[in-house]
Amino acid sequence: MSKELHVNIPVMDEKHDEFLEILSKIQSCEKSDFLPLFAQMIKHTKEHFAFEEELMNKHGFYAKGEHFDEHKTLLGEMEYFYEKAQKHPMFGKSYINDYALDKFTRHIINIDSQLAMFFKEKKIEF
Ligand SMILES: [Fe+2]
Ligand SMILES: [Fe+2]
């Protein structure tokens, strides 16, 4: 992942890098790999979000309500397009190629970076 997307909390950056790796695989995969990789991306995202949510609960992050909501929305969209893609592959393709990266990048810049700042200010070590 490009360094400017890193929030400099390694346990978070690791998840984000893994996501981007899966996404770039889907963008250039064979047709037959599209849905399995899409499913893998959803599974990874569930784990990634659950991990952050656990940290927010544990450390009493002040803006966790907003962050949890945003996770729910992002995951809901991903699942919606995955479902659609079963019958209409183009829906899935356009989500993956034109939308997913932008959505993800915005989440890191606007939401995850706020969480990372909180951890740094509180001097929480991982
Ligand atoms: Fe994240
Ligand atoms: Fe997040």
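Helix α3 of the predicted model covers residues 64-87, and its 24 residues should span 34 Å at 1.5 Å a residue; the end C-alpha atoms are 36 Å apart, which agrees. The expected span is 1.5 Å times one less than the number of residues in the helix. Helices (H or I, at least four residues) and strands (E, at least two) are DSSP runs numbered from the N terminus. The model is predicted, so local features need pLDDT of at least 70 and side-chain atom pairs count only at pLDDT 80 or more, while totals for chains, interfaces and linings use all residues. Residues are numbered from 1 along each chain as its sequence is written, and chains are lettered from A and ligands numbered from 1 in the order in which they are written.

The buried residues of α3 are H71, M78 and F81. A residue is buried if 20 or more other C-beta atoms, placed from the backbone, lie within 10 Å of its own, exposed if 12 or fewer, and partly exposed in between. The cover over these residues of α3 includes α2 (31-59) and α4 (89-121). For α2, 29 residues at 1.5 Å each should span 42 Å, and the end C-alpha atoms are 43 Å apart, which agrees. F38, M41, E52 and M56 are the buried residues of α2, and their cover includes α1, α3 and α4. Just after α2, G60 adopts a positive phi of about 60°.

The protein chain contains 4 helices and 0 strands, in the order α-α-α-α along the sequence. Two packed helices are described by the angle between their axes and the distance between the axes. Axes are lines fitted to C-alpha atoms, for helices over the stretch in contact, and angles run from 0 to 180 degrees between N-to-C directions. The axes of α2 and α3 are 11 Å apart, at an angle of about 170°; α2 and α3 are therefore roughly antiparallel to each other. In this scheme, angles under 35 degrees count as roughly parallel, over 145 as roughly antiparallel, 65 to 115 as roughly perpendicular and the rest as oblique. The axes of α1 (residues 10-27) and α4 come within 11 Å and cross at roughly 175°, so this pair is also roughly antiparallel. Residues making the contact include M12, F19 and I26 of α1 and I96, A100 and F104 of α4. Two residues are in contact if their C-beta atoms, placed from the backbone, lie within 7 Å.

A nonpolar core is a set of buried Ala, Val, Leu, Ile, Met, Phe, Trp, Tyr and Cys residues joined through C-beta atoms within 7 Å. The largest such core has 6 residues, namely I9, M12, M56, F61, L115 and F119. Apart from this core lies another, of 5 residues, among them I26, F38, I96 and A100. Of the 126 residues of the chain, 15% count as buried.

N8 lies in the segment before α1 and counts as exposed, with 12 C-beta neighbours inside 10 Å. K123 lies in the segment after α4 and is exposed, with 6 other C-beta atoms within 10 Å.
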